[in-house]
Amino acid sequence: MTSTRGAPVALLGGTFDPVHYGHLRPAIELLEALNLSEIRLVPGRIPPHRAQPRQSAVNRCRLLHAAVADVPGLVVDERELQREGPSYTLETLRDLRAEIGPQRPLCFAMGRDAFRGLESWHRWGELVDYAHLIVTTRGGDDAPLSANLQDWLTPRIAPDAAALRHTPAGAVWFQPVSALAISATGIRRLLAQGRSARGLMPEGVWPMLAEAGLYGYPQV
Ligand code: ATP
């Protein structure tokens, strides 16, 4: 067994267009379930796998900072904003690995919906050379994985969450989290229709939405 040094560094990637409680609550549950001291939320600048975000990376990041300001253990990691070109997770993990050294566990968390599409990610098979993958699962997201992804996954499934501390990278762990029926798409739709999206996002984001009139929210 490879020896490890230090507490795991954990990241949660996403577009956060805008951030909402469906991002924050699973992140907090992960923090507790895996006994982590911190989770870094990493907004992607130009996500390669999906439609381009409605708001600029700078605005999404400002909202994210406002959303986590009062939440112990959640921090914003802006490294993908500082790079040119698409936000490839592989590069993010490689950068972080170089920063934290070869022995510290590094974990990259994503929802099962994102994991199902992993094979379309840039050099996806190499992600686990740098980090463990944590796949958050919630009720209703049990669509089958492709046979190829399933074959790749099977030998890598961690026996328990503690195993993520025993090696620096290489395993996949499925972590159940609460299912909140909230999506950024739904929030953008509500705001575009002039309807309320209160209660779906932390209160701290509203002054910023109003100040800049983001997502069609009436500007003050
Ligand atoms: P969109 O509606 O624009 O596709 P989204 O709300 O799904 O966005 P993303 O920024 O794409 O948000 O998601 C980042 C990560 O958070 C993904 O891995 C996704 O699976 C997870 N996630 C998003 N919404 C929820 C939710 N309601 N409950 C649990 N996890 C979620």
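This briefing describes the ligand site and the nonpolar cores of the structure. The model is predicted: local features require pLDDT of at least 70, side-chain atom pairs count only at pLDDT 80 or more, and totals for chains, interfaces and linings use all residues. Residues are numbered from 1 along each chain as its sequence is written, and side-chain values use heavy atoms, with hydrogens and water left out.

**Ligand site**

- Of the 19 residues around the ligand, those that come nearest are His-20, Gly-111, Asp-113, Ala-184 and Thr-185 (near: a heavy atom within 4 Å).
- The shell comprises six nonpolar, nine polar and four charged residues, with Gly counted as polar.
- A polar backbone atom of Ala-184 lies 2.7 Å from a ligand oxygen atom (polar contact: a pair of N or O atoms within 3.5 Å).
- An N or O atom in the side chain of Arg-188 is 3.1 Å from an oxygen atom of the ligand.
- A polar side-chain atom of Arg-138 is 3.3 Å from a ligand nitrogen atom.
- The ligand taken alone exposes 600 Å², of which the protein buries 89% (Shrake-Rupley method, 1.4 Å probe).

**Nonpolar cores**

- The largest nonpolar core has 43 residues, and Ile-39 and Leu-41 have the most contacts inside it (buried residues, under 20% relative accessible area, joined through side-chain atoms within 4.5 Å).
- Elements giving two or more residues to this core include β1, β2 (39-43) and α8 (206-212).
- Helix α2 gives the most, with seven residues.
- Ile-39 touches residues including Ala-10, Leu-30 and Val-75 (contact: heavy atoms within 4.5 Å).
- A second, separate core of 24 residues includes Val-9, Leu-11, Tyr-130 and Ala-131.

Methods: Polar contact = N/O pair within 3.5 Å; in protein donor to acceptor, adjacent residues only side chain to side chain. Buried < 20%, exposed > 50% of the residue type's maximum accessible area, 1.4 Å probe, protein only. Helix = DSSP H or I, 4+ residues; strand = E, 2+ residues; numbered from the N terminus. Lists of a residue's contacts leave out its neighbours within four places in sequence.
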